[in-house]
Amino acid sequence: MVTLAEVAQHAGVSASTVSYVLSGKRSISAGTRQRVERSIQELGYHPNAGARALASSRSNIVALMVPLRTDMYVPVMMEIAIAVATTARTYGYDVLLLTGEEGPDAVRRVTGSGLADAMILMDVELDDERLPLLRATDQPSVLIGLPADTSGLTCVDLDFRATGALCVEHLAMLGHRDVAVIGEAPAVYERHTGFAERTLDGLRSRAKELGLRVLHRPCEGGYDTMAATLARVFDERPGTTGFVVQNESAVEPLLALLRQQGRAVPEDVSVIAVCPDQVAVQASVRLTSVAIPAQEMGRRAVEQLVAKLEGRDTDEVVLLAPELTVRASTGPLSTTG
């Protein structure tokens, strides 16, 4: 392993000069800095993380809290996590991934141990138990998600309220008046998870303004539960012609069941999904959808966090505008039959 002293000898400078180049604690001339950086690259020197942390009182680690629950669509969560990790690396930070459902205990563990310089929290609930601890600590943090009260917090999220409104506006424009929302698993709503609640709120509010009727049914997402849910929908609202699906695992079972019942998409029934583009384009019917901008959410969260670490002002709430892409699963309400 190459040592700092060997780098100093190779560059023709003192060991303290190499240390100052690495830490940035003192101004070093451009020529000397370039010589040291060239020696570091040529020798393949990597500073000892523990020594660097002791010297700077910084670990250069960001803790990412991603509770991996069975009722959540894990690929989206991991896509956000990967975006966080790759973006953090460009700023010189590594990511410590915490996947347990520890809630406040995980926040206490990070803030009390010096494990990380900052935190990014996902799977945010409207009244999240972790928030009082975040507000009480000086350690920088960013939420990927939106709680009910954002005061004193920095948040990045898709504007899910606008997403719900956009879906119902599209169906209304096509002439649909009865809309069913196939939602996430019941436990997601029982926890008051922010994204699901906000989508539903935006959808219902805009539907009321436009004079549409909305029926919301949570669903576990498998074929059998989707069959039972769809039967309930048509039993309660036989005239339903528009579906909004916010549950990736329910997409294909819904399309298969509609085919079995002789309901053509989009001639008889229109379907919109709130899901990743990959899910929408690979479905048996290419779905009109509002995409989940997972990579942008992860990237923006890190940018906000780095700004806080560097003492720069940051936006308190960053909401990404939803974009609806029209594909083959939505069409005008049929006036025949």
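Modeller: Buried means under 20% relative accessible area, exposed over 50%, and partly exposed in between (1.4 Å probe, protein chains only). This is a predicted model, in which local features need pLDDT of at least 70 and side-chain atom pairs count only at pLDDT 80 or more, while totals for chains, interfaces and linings use all residues. Residues are numbered from 1 along each chain as its sequence is written, and side-chain values use heavy atoms, with hydrogens and water left out.

Colleague: Is Glu125 buried or exposed, and what about Arg191?

Modeller: Glu125 forms a salt bridge (a side-chain nitrogen of Lys or Arg within 4 Å of a carboxyl oxygen of Asp or Glu) with Arg191, the closest N and O atoms being 3.8 Å apart. The pair joins distant parts of the chain, 66 residues apart: Glu125 lies in the loop between strand S3 (118-121) and helix H7 (131-136), and Arg191 in the loop between H9 and H10. Helices (H or I, at least four residues) and strands (E, at least two) are DSSP runs, numbered from the N terminus. For both Glu125 and Arg191 the answer is buried.

Colleague: Which residues are linked with Arg191 in a network of salt bridges?

Modeller: Arg191 also meets the side chain of Asp71 in a salt bridge, at 2.9 Å from N to O. Asp71 is buried, as is Arg191. The network linked with Arg191 consists of Arg69, Asp71, Asp123 and Glu125.

Colleague: Is Asp277 buried, exposed or partly exposed?

Modeller: Asp277 and Arg327 form a salt bridge at 3.3 Å, N to O. Asp277 is in helix H13 (residues 277-282) and Arg327 in the segment after strand S12 (324-325), 50 residues apart. Arg327 has 17% relative accessibility, so this residue counts as buried. Asp277, at a relative accessible area of 37%, is partly exposed.

Colleague: Which strands stand at the edges of the open sheet of six strands?

Modeller: Strands pair if DSSP finds at least two bridges between them. The order is S7-S6-S8-S9-S10-S12, with mixed pairing. Each edge strand has a single partner, so one side of each is left without a neighbour in the sheet; these are S7 (213-218) and S12.

Colleague: Which residue in S8 is the bridge partner of Ala180?

Modeller: Strand S6 (residues 178-183) and strand S8 (residues 242-245) run parallel and are joined by four bridges. In S8, the partner of Ala180 is Phe243.
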